[in-house]
Amino acid sequence: MGLTGMMGILSAAVAALVLPPAVLGLDNGLALTPPMGWLAWERFRCNTDCVNDPKNCISENLFYEMADRLVADGFLAAGYEYLNIDDCWLSRERDAHGRLQADPDRFPNGIKALADYVHSKGLKIGIYEDYGNYTCAGYPGILGYLETDAQTFADWDIDYVKLDGCYSHPKDMDRGYPEFGYYLNRTGRPMVYSCSWPVYQIYSGMTPDYASIVQHCNLWRNFDDIQDSWASVTSVIDYYGDQQAVLIPLAGPGHFNDPDMLIIGNFGLSFEQSKAQMALWSVMASPLLSSVDLRTIGADYRAILQNRAVIAVNQDPLGIQGKRIFKDKGIEIWARPITPVVGDFYSYAIVFFNRRVDGTPSQVSVTIQELGMLNPAGYKTEDLFAARTYGVLYPPTRLKVDVNPSGVVMVRCGAVCDLELIYNCRPRSR
Ligand SMILES: *[C@@H]1O[C@H](CO)[C@@H](O)[C@H](O)[C@H]1NC(C)=O
Ligand SMILES: *[C@@H]1O[C@H](CO)[C@@H](O)[C@H](O)[C@H]1NC(C)=O
């Protein structure tokens, strides 16, 4: 495949990344980098049948076991700190004081005891509710109880709240999501606030007020729930690529777009596809919320989730969401500006993404300057999945990578500081 020569358009595309407009976000001091953790939904759904399926039903046992696995198997050490409950934890009824309560059969010790255990392991705990009369699965929603429920979560020492949007009027969300955020804030307990506000509005034909969403939420869902298939993963990637002009400026420390969970290690993705999801979610500055059975995940897939070099890209302190800078004939290139910034030059994480299905790797050949990297002192370049370094590459240097079908090559290009070439290697103040 002669992809060389198609790359002339790249420089202009990347240059537009420099200095995205500063967006003020929710000021609760949280999610300064994309949240990382485990979330029950994609893998475990609303299985409440603990009689026939005690190991997999939504119950406190499941969460105690996952907490143990997060710590014992190295996930916490890699940064996965939130253990997040999703729908179906609730009792069908509020208590006599109108407070939420966990299902007594499946959570006999209650959420506070679970939270205490999770905290004792060095983890944090997330919970789920819905800005409607019911949750998506039909359990009590928060309408009419916003203040009570915020206080209940604070009383239970919750660290993270996902607020879904079933059984509600999308038009009410512009008022309702900020209102619940106000009550969360009033509790005095910092809790990450994950909103489904834009996606329900988009579904109903509205244009989300992203300026308000960014101010009131730490993360927000823009698109469909992820499912256990490659088709689902690529549909998400397409959405974020196609909408990037709107979505990239929204992201930054404390406020991130949320393309939904990592499904790596489940049934639907191959090894190459799993690396692709990890790489793309990392260049997109997406939350890394794994939804997998940690008791049975294969070692190869665990290693993908725990790839420290890729996670470091995801967690880059600048919080800039990466951009799709090339897309043609099944080949995409995505670029994310990261630290260190040397003079005027960002470092970059680059993902070469091959969506072709012909059974042989495709070679992509591109110069460093075509990728938008112009630092005359060059970029120290390394592959983040394979043990391969390229040394220092200069703007005219050509980088050739062989990308497997339905796979990625991900490289990190660290801007080099050379005081003879760059007057002052410290980043220019923004
Ligand atoms: C929620 O229930 C109340 C009381 O029944 C009703 O007035 C309201 O319209 C409902 N809201 C939605 C979004 O369905
Ligand atoms: C509540 O909001 C104020 C003002 O934005 C902020 O300074 C404070 O940290 C917030 N507190 C919590 C617990 O979120």
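1. A pocket is an open set of points on a 1 Å grid over the protein atoms alone, with protein on both sides within 12 Å along at least five of seven lines, and its lining residues have an atom within 4 Å of a point. Grid points are joined across faces, edges and corners, and a volume is the space filled by probe spheres set on the points. The model is predicted, so local features need pLDDT of at least 70 and side-chain atom pairs count only at pLDDT 80 or more, whereas totals for chains, interfaces and linings use all residues. Residues are numbered from 1 along each chain as its sequence is written, chains are lettered from A and ligands numbered from 1 in the order in which they are written, and side-chain values use heavy atoms, with hydrogens and water left out.

2. Which residues lie nearest the centre of the largest pocket? They are Cys136, Asp164, Tyr200, Arg221 and Asp225, out of 18 lining residues. Helix 8 (197-203) and strand 4 each supply at least two residues of this lining, and the largest share, 3 residues, comes from helix 8. Helices (H or I, at least four residues) and strands (E, at least two) are DSSP runs, numbered from the N terminus. By class, the lining of the largest pocket has 9 nonpolar, 1 polar and 8 charged residues. Here Ala, Val, Leu, Ile, Met, Phe, Trp, Tyr, Cys and Pro count as nonpolar, Asp, Glu, Lys and Arg as charged, and the others, Gly among them, as polar.

3. Rolling a probe the size of a water molecule over the atoms shows where empty space is left. The structure holds 1 cavity of 30 Å³ or more, a cavity being a set of grid points where a 1.4 Å probe fits but cannot get out. The largest cavity has a volume of about 60 Å³. Its lining includes Leu39, Tyr160, Lys162, Ser194 and Arg221. Strand 4 (160-164) and strand 6 each supply at least two residues of that lining, which divides into 5 nonpolar, 1 polar and 4 charged residues.

4. One open sheet is formed by 8 strands in the order 7-6-5-4-3-2-1-8, with parallel pairing. Two strands pair if DSSP finds at least two bridges between them. Strand 7 (256-258) and strand 8 (288-290) each have a single partner strand, so one side of each is left without a neighbour in the sheet. Neighbouring strands of this sheet are turned by 25° against each other on average, direction ignored; axes are lines fitted to C-alpha atoms, for helices over the stretch in contact, and angles run from 0 to 180 degrees between N-to-C directions. Strand 6 (residues 219-221) pairs with strand 7 in the parallel sense over 3 bridges, and tryptophan 220 stands opposite asparagine 257 in strand 7.

5. A second open sheet, of 6 strands, has the order 9-10-11-16-13-14 and antiparallel pairing. Strand 9 and strand 14 are its edge strands, each pairing on one side only. Neighbouring strands of this sheet are turned by 20° against each other on average, direction ignored.

6. Is strand 10 (residues 331-342) largely enclosed or exposed? In strand 10, 10 of the 12 residues are buried, so this strand is largely enclosed by the rest of the structure. Buried means under 20% relative accessible area, exposed over 50%, and partly exposed in between (1.4 Å probe, protein chains only). Strand 9 (residues 323-328) pairs with strand 10 in the antiparallel sense over 5 bridges, and phenylalanine 326 stands opposite isoleucine 333. On its other pairing, strand 10 is joined by 9 bridges to strand 11 (residues 345-354), where phenylalanine 353 stands opposite glutamate 332.

7. Two hairpins connect these strands. The hairpin of strand 9 and strand 10 has 2 residues between the strands, and lysine 329 takes a positive phi near 50° there. In the hairpin of strand 10 and strand 11, glycine 343 takes a positive phi near 60°.

8. Glycine 391 is found in strand 14 (residues 389-393) and, at 33% relative accessibility, counts as partly exposed. Threonine 381 stands opposite glycine 391, and strand 13 (residues 379-383) pairs with strand 14 over 4 bridges.
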